[in-house]
There are 2 protein chains.
Amino acid sequence: MAVVSQWSAVRAVGKEAAVAAAPVWSVDPRTGKPREEVAQEATTEEVDLAVRGAHAAVAALADRATRAALLRRAAELLDEAGPHVIEAADAETALGPVRLTGELARTTAQLRAFATVVDEGAFLDVYIDHADAGQTPPWPDLRRYKVPLGVVAVYAASNFPLAFSVPGGDTASALAAGCPVVVKAHPDHPATSELCASVLRRAAAEVGLPENVITLVHGFDAGVALVGHPLVTAAGFTGSVRGGRALFDAAAARPTPIPFHGELGSLNPVVITEAAAAERAEEIGAGLAGSMTLGVGQFCTKPGFVLAPAGETGDRLLKSLTAAVSDTAPGVLLDHRMRDAFVAGVAERVALPDVESPVTPGAGGEHTVSAGYVTVPAASLAAEGPHDLLLEECFGPVTVVARYSSADEITAVLSRLPGNLTATLHLAEAEGAGTAPGGAELLAALTPLAGRILVNGWPTGVAVAPAQHHGGPYPATTSTSTSVGATAIERWLRPVSYQSTPAALLPPELRDDNPQGLPRRFNGRQEN
Amino acid sequence: MAVVSQWSAVRAVGKEAAVAAAPVWSVDPRTGKPREEVAQEATTEEVDLAVRGAHAAVAALADRATRAALLRRAAELLDEAGPHVIEAADAETALGPVRLTGELARTTAQLRAFATVVDEGAFLDVYIDHADAGQTPPWPDLRRYKVPLGVVAVYAASNFPLAFSVPGGDTASALAAGCPVVVKAHPDHPATSELCASVLRRAAAEVGLPENVITLVHGFDAGVALVGHPLVTAAGFTGSVRGGRALFDAAAARPTPIPFHGELGSLNPVVITEAAAAERAEEIGAGLAGSMTLGVGQFCTKPGFVLAPAGETGDRLLKSLTAAVSDTAPGVLLDHRMRDAFVAGVAERVALPDVESPVTPGAGGEHTVSAGYVTVPAASLAAEGPHDLLLEECFGPVTVVARYSSADEITAVLSRLPGNLTATLHLAEAEGAGTAPGGAELLAALTPLAGRILVNGWPTGVAVAPAQHHGGPYPATTSTSTSVGATAIERWLRPVSYQSTPAALLPPELRDDNPQGLPRRFNGRQEN
């Protein structure tokens, strides 16, 4: 499948053609060498063109059945293009074909899951209240459902070239909601992005939709122009605190502010009780090593901060952690900038007083990094100080183990943590069963810290289930929304109520006879 | 009932006692004269104390039954205090006992409605997915519900001293969600605010809750300090674009940004078709006069902009509008600053070229204003220019009638309108029945402009019904939320998922056996 920038034609005919456009290169992180020039950075004029094209496609997306068909056809075509997609993604990200095959399966499953959400229509959140003169004040006939916001800007993630990028959850949920999407590609995988965008545009054409329901733009400046465009109505973002906050600030500062759903960063704290460590120190140590080094530590749900007991049981746990981490082969990060940031970030942490590094993480070979972890007495984190650096996410295969000597130390450290995507609790069997004390209290203490709370598991791996919540208090997310799971669609909708509107003019979703068979709340009663 | 500032005791013992506190006066808008000193402006230290007190009350609000009891007891006590409350509110706002009696009934009905919402528990939005190894990737056991955000700041409105102020919808929905509230009083009715706060605090004490589940602060600086306080987790606001936007910006600029649900301003456009005017010009003219002068034009849903036909049928409509508006007695606005702004705003509009004022609005007596309206050719509004002033809300009893000569002129003007709370369509019977063309197209054209669309009615009066949506595109609201109706509770909640959590530790809301009988989505099926 040829990888051709959709902007080639625009440039050839536009007046920008004479200006040297900034090239977008696909780079091999295994060597640091450019692979091929795959596109050009979009100018402000091209971003405007992309957004206007998307805006013109809003009406075409109004039909729910067509949206479901688009999502299903996109999944089919991505499955068909699978070998090409995985080859392109592996060449640019070094994530490996096994992981990428799994990510593609997850991505197409997600597209199909949103097709089911669209079919069912519960997301329309239909409320119908007939007129009622007995209320205070009296009620007129009122009928509410949700309508799409309009063009959505999606900022793709570095670490998921498929599931959180061009064909990922933000795009799938926005299209499901009826919102055309303009994706700002992540510079770490421009070829994969072009390939996926062409597949999605082909799917649109095949189901009779304008290709512009999905458009791709490249370039930092294009991303800034996108969030400021007057016709962009909402944005989704997965990335760093710095980049995400800058875009959030830009979205809030617009003459007409727009919702900005950003997933920025997360420590993903883990609390291991003394009894849990006593019961299964080796299992927990090995599990932690597996989770923190998975995908070379590049998951947003990587457990980056662990509260483990200080004594002998804790030592056992760390022994198995040391063994498993030492056995982990060096890995290639997504790009060399990240590698530099990892090496520098680790060095800064290791240099802190009272910090030890049983397995020192850092530079591996010329293009790789090696996994490791550091320890610190939990008491060092109880108050503000230089150790606060350990409470910031460090992207890559490293975790911080804070060793506590008392329950009070756990509480003190938890109170100092920022918001998280996840928080994990490892309990002994009796603590989990409620026959030994403490489990419920710890669960309650973790709940304010995160959007997903796990018991006796590991946070990496985010199931695309209706009950999923992938989001959490800032900086984990900039809103109360999720970017994974059925309810991610809620981000791209707004309610509208129709008052005293003649039946002949009502949208079919709001008619008494419910021709679309929607679940709804009808005169105070839920109808399925 | 004595009106005593809750801060008196704090001041008497605090080190601030020596500093002269800024007094808060209740003022009679009928005379412009101060009535009594009812409180002092809160210092930054006092705001901190209020927020900390509220934060300490979060745990006490966790029990849903207690929250429902609080809301019901608050309604009872407000009903009991009714005569005092109405007397105080009338003395400060000049809204009159009839309107205020209705507003109190609406306020207590709203408190009771949220008690029912709390009892039912649908707002918890429970999703339970059992583990499923057949999914891609496999699902662990996941259970999601919504938890309260924490302390909520409420900025009270000038124009609803009860229903959108201390005991109003923001407070009721936040308490229903489990969030303690700190209200920034509106300076136009401080005595009413103190009285209502004391009633709510008494209700809290009577149901065994800390009084600090609701606290009142006064003063502009206190409002600024409140939105910036680290323990404040969300804010609700009803007021002007200028004030609301400043607070929105402050909320977004915090180190940890918080949701800011502001209702700022709305033109509330009305489109009257030629056929509708032909059918019932007099009825529409009189109805418009009634709606735009209701409450001296101080409703956020006042129809402030009307597209009416240019020809003879339009003349008939304006004739009846003129008659009805001329018959309207001058009224007292909420304060003299508003009166000045109204008089100046009207003068600026009347001075525009091509603008006529069949009934010139403006200063009435020394403390009153008189109602009126202006007309302008719709063509003058088709492009940017000085007439854009007519597309900005002017608070008070005035409306702008833009007279159109073609359907294209309607479309052109609609495309230039900002976001609105409401948009209203007046259709002839055949247009509403779908037997004459145009109705559905106009309804579709109005939908992007507002959160509530009305046909053949008037937007003033907002029913507290589940299907209500009181919000709309910016600047109508700063979020996609509603501040009226059952779904207003969603603003103060965030989802949390529990993964693989032992049954013994799960909150009762998330247990398979559903001990609280909650509606929920259980393995993909809605259970009522």
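Buried means under 20% relative accessible area, exposed over 50%, and partly exposed in between (1.4 Å probe, protein chains only). This is a predicted model, in which local features need pLDDT of at least 70 and side-chain atom pairs count only at pLDDT 80 or more, while totals for chains, interfaces and linings use all residues. Residues are numbered from 1 along each chain as its sequence is written, chains are lettered from A in the order in which they are written, and side-chain values use heavy atoms, with hydrogens and water left out. Over all chains there are 49 salt bridges, each a side-chain nitrogen of Lys or Arg within 4 Å of a carboxyl oxygen of Asp or Glu.

Helices (H or I, at least four residues) and strands (E, at least two) are DSSP runs, numbered from the N terminus.

- Asp119(A) and Arg72(A) form a salt bridge at 2.8 Å, N to O.
- That pair ties helix H5 (residues 97-120) to helix H3 (residues 64-80), parts 47 residues apart in sequence.
- Asp119(A) is partly exposed at 41%, and Arg72(A) is partly exposed at 32%.
- Arg112(A) pairs with Asp79(A) in a salt bridge, with the closest N and O atoms 3.0 Å apart.
- Arg112(A) sits in helix H5 and Asp79(A) in helix H3, 33 residues apart.

**Strand E4, chain B**

- Asp125(B) and Arg144(B) meet in a salt bridge of 2.9 Å, N to O.
- Asp125(B) lies in the loop between helix H5 and strand E3, and Arg144(B) in strand E4 (residues 142-148).
- Asp125(B) is partly exposed at 23% relative accessibility, whereas Arg144(B) is buried at 1%.

**Network, chain A**

- Salt bridges link Arg73(A), Glu76(A), Arg202(A) and Glu206(A) in a network.
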